[in-house]
Amino acid sequence: MGDKPESAQHKIRRSSSTGSGILAFLAPAKRRRLHALAKELEVANRKVTELESLILSKNEFISNISHELRTPLTSIIGYVDVLSTKVEFESNPELDDIFKVLDRNATILISLVQSLLALSQFDSPNRSEAFKAVNLLTITEDAIFILRSEIEKKRISIKLNFDPEDTFIVEGDPGLISQACINLIANAIKFSSAEKNIEIRLIREARTDKQSTICFSVRDQGIGIPPDEISRISERYYRASNAVSDHVSGTGLGLTIVAKVVALHNAQLKIESTLGLGTTFTVDFPAQLSPVATLILNRKFGLLAEAIEGIQVNDQRELKAKLHEYGGALGFYEFAEFGEELLSLSRTLSDVEKIVDSQTLKARDQLVVRMKEALPIKETGEANVE
Ligand code: ADP
């Protein structure tokens, strides 16, 4: 923070010193006008610095308070959960209602705290952009896993569709992309009645020969959004009239976060909805890899597996060296995520080293199995969570 006012003053000082030379050639009226403008600029700069420092304090405050609130709230939710297992609801239906209200309100509070925390991090000038290769398929599968208890409670059927021959790599912040996916899937569950279907799709759309878009979409059969309100739903705290009248709980911050994540990743958010029939949210991410590069990447996994299977070596050191050589030659180390997997896999070789000397072949076979497990090779394009 200290840097900003200094650099602002710096700019002014420099501009007025270079300006003084030029000023000597100007008519007095123009000189006075320029002096006045320089003064105004200085005042405006000071105001900007003040406002920046206020925003920073506000963000720090929200972030601290959210952290402080999160711990006791998590504990309250935990104890409510434990207590509810110890109560005989059949003999005491009133208590059942009380527990439901407690659970509902505590859940709203914790999601509010989490959303405020996420939003304050967005506004923070210290936010580091940790962009790297992100596998949208893994992120989606993890999001479904995280939301499994809500899915099960409502007996919702989730269908995840993707082309198993393709990879869905985008460049971005994995934590933020994951948060956006969770928010969209959680909304689809929340705004659907029991036993409905939700379809999540990952598809690649070619834009040009070299560029493509990865489309992540979530389609539900829920309450839908009134057409005249669609354009407002990603505004901070905005909740559509039917969500309010149907008493669906929420804070109106989830889509604000999604919209910010989308903008940060140069992606696009599309919303299609029919009131009473359902809604589809689509996020179009620019793909990190061209279709040709993707084809090569897909082939690489198979090639590496084949190469390792064919390795003829006498001891573990040679095996390790060969693995590094093949992996490197096939370019695995360019891809942060997969490269790391492979690297850590080759490092685990030291675990098998003990048995390698006399049984190099056995170690190699183990490695191939472990590699196939670790690399994101999918057998099927459909995953059902019911
Ligand atoms: P919250 O879900 O906490 O209310 P969000 O910011 O996530 O807040 O969403 C804002 C509003 O957009 C919701 O209150 C609801 O009116 C509408 N909305 C979002 N997702 C859906 C959906 N899948 N189906 C119907 N309405 C939705």
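**Exercise 1. Which residues in α6 meet which residues in α8?** Work out the contact and how the two helices cross.

*Before you start:* this is a predicted model, where local features need pLDDT of at least 70, side-chain atom pairs count only at pLDDT 80 or more, and totals for chains, interfaces and linings use all residues. Residues are numbered from 1 along each chain as its sequence is written, and side-chain values use heavy atoms, with hydrogens and water left out.

*Step 1.* Find the helices: α6 covers residues 174–190 and α8 covers residues 254–264. Helices are DSSP runs (H or I, at least four residues), strands are E runs of at least two, and both are numbered from the N terminus.

*Step 2.* Look for contact, meaning heavy atoms within 4.5 Å. From α6 you get L176, I177, Q179, A180, N183, L184 and N187; from α8, G254, L255, I257, V258, V261 and L264. By class, that's 9 nonpolar, 4 polar and no charged residues. (Ala, Val, Leu, Ile, Met, Phe, Trp, Tyr, Cys and Pro count as nonpolar, Asp, Glu, Lys and Arg as charged, and the others, Gly among them, as polar.)

*Step 3.* Check the axes, which are lines fitted to C-alpha atoms over the stretch in contact, with angles from 0 to 180 degrees between N-to-C directions. They come within 9 Å and cross at roughly 140°. That makes α6 oblique to α8: angles under 35 degrees count as roughly parallel, over 145 as roughly antiparallel, 65 to 115 as roughly perpendicular, and the rest as oblique.

**Exercise 2.** Now describe how α4 packs with α6.

*Step 1.* Helix α4 (residues 136–146) has an axis that comes within 9 Å of the α6 axis, crossing at roughly 50°. The pair is therefore oblique.

*Step 2.* L136, I139, A143, I144 and I146 of α4 touch P174, I177, S178, C181, I182 and I185 of α6. Sorted by class, there are 10 nonpolar residues, 1 polar and no charged.

**Exercise 3.** Which side chains does R204 join by polar contacts?

*Step 1.* The R204 side chain reaches D166 at 3.0 Å and S212 at 2.7 Å.

Methods
A polar contact is a pair of N or O atoms within 3.5 Å; within protein, one must be able to donate a hydrogen and the other to accept it, and residues adjacent in sequence count only if both atoms are side-chain atoms.
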